[in-house]
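Subject: Handover of a structure

Dear colleague,

Please find below the structure that I am handing over to you.

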Amino acid sequence: MHGTVTVLDRGAVRIHSYMSPADTFHVTTQLIETPARIIAVDAQLLPAYADEVVAYAGGLGKPLDRLVITHAHPDHYNGAARFGVPVHALARVREQIVARGDSRLPTGEVIAATEFTPTVELVPGTEVVDGVTVVFEAVSGGEAADELLIRLPEQGVLVAQDLVYNDVHLYLGNGDIAGWRRAVDSLAAEPGYDTVLAGHGRPTGPEVYERVRRYLADAGELLGDDGETYKKAIVDRYPSHVGPFIIDIANRSLFPTDA
């Protein structure tokens, strides 16, 4: 296996966080294992890493029930077809995925939109799965225009995905630093969740909120009007963060004349 898995045991629920290698900036798929099934959250950029997730899930001895896509960025949905289960997403997220169209991998391979377009509309609210309370919540603004937040209140687990990065450079291509800071402030103000699952990086705790807020504040200070200058400045400030090439991807949107 090229990726790594972190397992959290919370009694009736076990969560398996598969983190891809650095070549895809440590994007993380969550496998929520309930007493009778597995719910997958996000699907990886490269189908090969999605295959690793599916193979790992197959070893748990329970069926994959569904795949939930949290937001419309290809590193979280390209591998959806490999899961072989219904793909759920917020209606707005589905619309944004459809609008993006086919996806081109770094290798040049094209994945047709039909391979990853969600087929089931996810409606925010509470669902009880095998006796486990799961809360689905829509969040607007931040790393993406719309994102899904998943709460496991009885286990104290917050599946934040790309509302939180853990020691990985942030993707700022949505151009909404203020919205992202508001979203993180809102999460930080809520008690009761001692485990936070990041969309990039390993599981962490609520201390991650201050780290993300500090990075966003620094990015706002350093952005300026030149992508290469910004990249050098933010990498110098966060030398231990991984995935600096995610900054290049974001800069195509932030500084289109640099492309």
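How many aromatic pairs does the structure hold? The structure holds four of them, where rings of Phe, Tyr and Trp (its six-membered ring) pair if their centres lie within 6.5 Å, and planes under 30 degrees apart count as stacked, over 60 as edge-to-face and the rest as tilted. One of the pairs is formed by Tyr215 and Tyr238, and it is tilted, at 4.7 Å centre to centre with 40° between the planes. Tyr215 belongs to helix α4 (residues 208-222) and Tyr238 to the loop between α5 (227-237) and α6 (245-254), so the pair ties together parts that are 23 residues apart in sequence. Tyr215 is buried, with a relative accessible area of 1%, and Tyr238 is buried as well, at 9%. Here buried means under 20% relative accessible area, exposed over 50%, and partly exposed in between (1.4 Å probe, protein chains only). Helices (H or I, at least four residues) and strands (E, at least two) are DSSP runs, numbered from the N terminus.

Please note that this is a predicted model, in which local features need pLDDT of at least 70 and side-chain atom pairs count only at pLDDT 80 or more, while totals for chains, interfaces and linings use all residues. Residues are numbered from 1 along each chain as its sequence is written, and side-chain values use heavy atoms, with hydrogens and water left out.

The open sheet

Seven strands form an open sheet in the order β1-β2-β3-β4-β5-β6-β9, with mixed pairing; two strands pair if DSSP finds at least two bridges between them. Its edge strands are β1 (4-10) and β9 (120-121), each of which pairs on one side only. Strands of a sheet pair through backbone hydrogen bonds, either parallel or antiparallel.

Strand β2 (residues 13-19) runs antiparallel to β3, and six bridges join the two; Ser17 has Gln30 as its bridge partner in β3. On to strand β4 (residues 38-41), β3 pairs in the antiparallel sense over four bridges, with Ile32 opposite Ile39. A hairpin of four residues joins β3 to β4. Between β4 and strand β5 (residues 64-68) the direction is parallel, again with four bridges, and Ala40 has Leu67 as its bridge partner in β5.

How many residues of strand β3 (residues 28-33) are buried? Six of its six residues are buried. Thr28, Gln30 and Ile32 lie on one side and Thr29, Leu31 and Glu33 on the other, and both faces are covered.

The nonpolar core

The largest nonpolar core has 82 residues, and those with the most contacts inside it are Leu67, Phe83 and Tyr230. A nonpolar core is a set of buried Ala, Val, Leu, Ile, Met, Phe, Trp, Tyr and Cys residues joined through side-chain atoms within 4.5 Å.

In α6, Ile246, Ile247, Ala250 and Asn251 are buried. Seen down the helix axis, the buried residues of α6 fall within an arc of 140°, so they line one face of the helix; the arc is that of the directions from the helix axis to the C-beta atoms. These buried residues pack against β13 (157-165), β14 (195-200), α4 and α5.

Strand β10 (residues 125-129) pairs with β11 in the antiparallel sense over five bridges, and Val129 stands opposite Val132. Two residues lie between the strands of this hairpin, where Asp130 takes a positive phi near 55°.

Thr133 is found in strand β11 (residues 132-140) and is buried, with a relative accessible area of 16%. Its side chain makes a polar contact with the side chain of Glu154 at 2.9 Å. A polar contact is a pair of N or O atoms within 3.5 Å; within protein, one must be able to donate a hydrogen and the other to accept it, and residues adjacent in sequence count only if both atoms are side-chain atoms.

Gln96

Gln96 lies in helix α2 (residues 91-100) and is partly exposed, with a relative accessible area of 23%. Not counting residues up to four places away in sequence, Gln96 touches Ala72, Ala145 and Asp146.

With kind regards

How values were computed. Contact means heavy atoms within 4.5 Å.
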